[in-house]
Structures are given as C-alpha cells and as structure tokens.
Amino acid sequence: MIAAELPPITGPNIEYALIAPILIITAAAVIGTVVEAAVPRRHRFLIQAVIAVVGVVAALIDTVVVYLSLDAIDSKQTARGQISTEGALSVDGPSVFTWGILLVFALMSFLLFAERRLEGGLSAFTGRAADAPGSAGEAEAQAANIEHTEVFPLAVFALLGMMVFAASNDLLTMFVALEVLSLPLYLLCGLARRRRLLSQEAALKYFLLGAFSSAFFLYGIALAYGYAGSFELAEIDVAVSTRTGSENLLLAAIALMAVGLLFKISAVPFHAWTPDVYHGAPTPVTAFMAAGTKAAAFVALLRVFFVAFGGASWDWRPTIWVIALITMLLGSLVSIAQTDVKRMLAYSSVAHAGFLLVGFAGAYAGVSGRITSVSSVLFYLAVYGVASIGAFAIVTLIRDAAGEATHLSRWAGLGKASPFLAGSFALFMLSFAGIPLTSGFIGKWGVFTAAWSGGYGSLVVAGVVVSAIAAYFYVRVIVLMFFTDPVGEGPTVAVPSALTTVVIAAAAVVTVALGVLPGPMLDLAQHAGAFVR
C-alpha cells in the first residue's frame, strides 16, 4: 500500500518586528525571573532594577520605531496598522500609542520601586512576605536587610499583560492578558514594608473581587462566542451588525463583559475595591496601578465596544451614559469627605474614570480635523497617568514615625516645610481639577468635545458641573498646605534620592507643558487614528 501524502504543515505567520516591544518586555521579565533564582541575594536588587529599567527603555525606543512604521489602511487615513500574530493582536495606532504611555508610566513607577533612601537603605517592600506581621521572623528579616527583589519581574510581567490587553484582537487573548496583568498586581499589593496587615487586606480584597470580575468577563466571552461563533472582534462585529443570533444572548454578553472591564477602570458600581487597595498597597505599586491599569483597561474597553459591539451602540450607549454620570458624581462627592490623602486620590481616580467614560459614551468617530472619542481618551489617559504618578511619588515623602503620613492634618504647613513638594502637589491637584494652563484642562476639554460632537450635550453639562464640585476638595488640599498652620512641629519631609526627585520633576514639567502647548501630543493622539478591524 502507498501511504497517502499528508499536506504540509505551515507555521504561523508572526510579524516579529511589529510586536518587538512586547517581546522585549517578555525577555526582561523572563531574565528577571532567572536572576531571582541564580544571583546571590545581596546583588539582586540593583541587577533587577537595571534589567527592568533597561528593558522598558529599549521597548519604548522600539515602540517609537513601530509607531512610525504604521501605514494607513484607507484613503482617509482614519486607521493605521494591521492585524498580526494570526489575528491575536491588533498593532494599530491606538494600541502602539498605549504601549508608549504604559512604558513611560512603568519607567516612572520602577524608579519609585528602586527608591531605598526612605526606609533606612531598604525599599518600600517587605523583607519576607511569608513572615507574620510583628513576628520574630519579620524582625530577623528587617535586621538582615532582606528585600523582596521579585517585585521587579512581577511588575514587568504586569506591564506585559497591560500591553497585550490593550492590543488584543480576540477575546481569548484579551482574557489571558487580563490575568497576566492582574495576578502580579495582587501579589504586589500585599508586600508593603509598613502597615503590613492593611497591605495584606488590600491584596486579599483585590484578589477576591478581581476573581469575580474575571469570571463575569469570561462568562461574557462564552456568550459572545455562542452568539457570533468566533472570538475575533471583527467576526463578532459582523454577527452583531447582521443580528444573526439571539438578541438576549448578545445583550447578556455585552453586560457581562462590561462588568469585567468597568471593574478594572474603577467605574461605579464596580469601584468598591479602589479606596482600600490604593490605601493599603505600597505607594509605588498604587502609582503603577492608578496609571497603567486604568490606561490598559480603558483602551481594551474602547476596542471591545467600538470594534466588536459597535453595531449595537444604541443598546449600550445609554447605559454608559448613566454609569459615567454616577461615577463622576459619586467619586467627586465622596472625595470631599476623605481625610486620608491616598483614599482621596483613590476616589479622585473613580471620578476621573467617569470623565473618561463621558468621551467613551459619545462614541464619536469624528471628521477630519476634529477630535474623536478614541484620541480624546488616549490624551486624557496620558496626562492623568503622569500627574497621578507624580502625586503618589510625593505621598511617599511626607512621613512620620510609622511611615507615610497620609492623614490630611499632617500635610498642614507643607508649603513652608518644602515649597517644591507642596508646589508640585498643588500643580497636580489643579490638573486633576481641570484648571486652565494644566494638562488636565486639555484632557477634560477633549473628552467633553468628543461627547458633545457625539450628541451627548447633556452629559457634558453634567460633567462641567461635577468638575466644579470636584475642584473643591482639590483646592482644599492646596489651602491646607499653604494657608493652614501646622499641628505641632509640622510635616516631616524625607529627603529622597535622585530617582524620586526626577519622577516628581518630570511629572510637573509634563503637566505644565501639555497644558500650555498641548498641540503636539494632541496631534499624536489624533494621528493614532481609529482601531484596525
């Protein structure tokens, strides 16, 4: 008998040049894991910090190269890039722009991770997480100057998940990326050197609620597959546009996936984890989450709803309208009652998620020369992330005997104790409030313009009113720092290394520069174009 000839097996077509930034970050994470196992403990911290920073810088340089190489796919140049890695990733303008800001956020955050001057030559992370708080083992680790150097590869893995999450073109890849970004963050939240019980509580809450949200997201993916017969976003869009399946199945899929994604951006009513986790986690980790997770999750939200469920926009836009309104309102009102700086910034993050949802709800694709929902959200994410990291960097420097002094009363008189820190923090507060000549003003103008162009003028009016309410608690902090007499000896300001100083100074410069001269960054966000299908 003559055996039948088998057809040749063809390998997958992987565009390695396009996904090189992701590969660089993957390599940095893997190398960091190997270093953790092979290098003696006393040398690890510096090596891990260098690997993480060098990996991020290399990936950022290559991201610029990839962005410049993207070609327009239509004559109107509304979208540029292509679908790569056998349909798993979409390397288009929005995803590569998001890679760029994620890498900048990571670079700033990793410099805060590497700060060792504030804790007597040690980092902000506990020596041995397995030791019970207050135990003899913890005291032994403290005396031996032991540090958890695993925080660097864990953070790099989280960054990898964020980058893939923002560029995912099919729902399974998106779910895997969601878990890759989430699991390291669950661990990092529980590794604080000070107030360890609070840190461990934050990690447990984040893990449990995050697991629930992931389950909702996965169930929504299953229903979307049942409706469309495919995990690819473009195929789902075809099924939604032609309404070939059950309407109830489609609406259930949209609702369940929205729960998973809205949880990650801290939108009401899925925000309950945010204040506790932001408060309990090590502050450098809080800064990384506040900027990076929100950016990656928002771009993934835009991609899913604009690409896969765009044909059903009139089904989900009214719901997003309501969620945007209550998120803005609740975040701003509850912030007024906060007496802790980190919790205030957490509820501020909730309010900013609402402002971002205003631009998303408008779902405005735009005409030539006018800002779109996608470009306005991208710009807002960039400016909010930089200011947020700068604000949390300052929080690490206001201290007392127990560590960070986060109660607002301890910040009275900071303007006299450290004009640079108080002035920088005031600048970030003004940016969050959307005051002119700061980047936050341009960010809010962008999302409000997109929503107005999309026919949601009433939501824009509500956003302006809520912005005025939110300005109260930001200005209150400024008054406290500059015009209130300190209690006792006043705030104690730690002297950081150049790492934290550079982060604060860079964040302040960017906040002013993008408020005074926003044109180049707005053009860059606009040039990113629409999502490639």
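Which residues of helix α20 (residues 519-528) are buried? The structure is a predicted model, in which local features need pLDDT of at least 70, side-chain atom pairs count only at pLDDT 80 or more, and totals for chains, interfaces and linings use all residues. Residues are numbered from 1 along each chain as its sequence is written, and side-chain values use heavy atoms, with hydrogens and water left out.

In α20, Met-521, Leu-522, Ala-525 and Ala-528 are buried (under 20% relative accessible area, with exposed meaning over 50%; 1.4 Å probe, protein chains only). These residues lie on the same side of α20, because they cover an arc of only 115° around the axis, the arc being that of the directions from the helix axis to the C-beta atoms. The face turned away from the buried side carries the exposed residues Pro-520 and Asp-523. Helices are DSSP runs (H or I, at least four residues), numbered from the N terminus. The buried residues of α20 pack against α2 (41-69), α3 (93-113), α14 (373-395), α17 (439-453) and α19 (498-516), with contact meaning heavy atoms within 4.5 Å. Gly-529, whose phi is positive, near 75°, follows α20.

Ser-335 is found in helix α12 (residues 313-336) and is buried, with a relative accessible area of 0%. The Ser-335 side chain reaches the backbone oxygen of Gly-331 at 2.6 Å and the backbone nitrogen of Ser-348 at 3.5 Å. Not counting residues up to four places away in sequence, Ser-335 touches Met-344, Tyr-347, Ser-348, Phe-473 and Arg-476.

Methods. Helix = DSSP H or I, 4+ residues; strand = E, 2+ residues; numbered from the N terminus. Polar contact = N/O pair within 3.5 Å; in protein donor to acceptor, adjacent residues only side chain to side chain.
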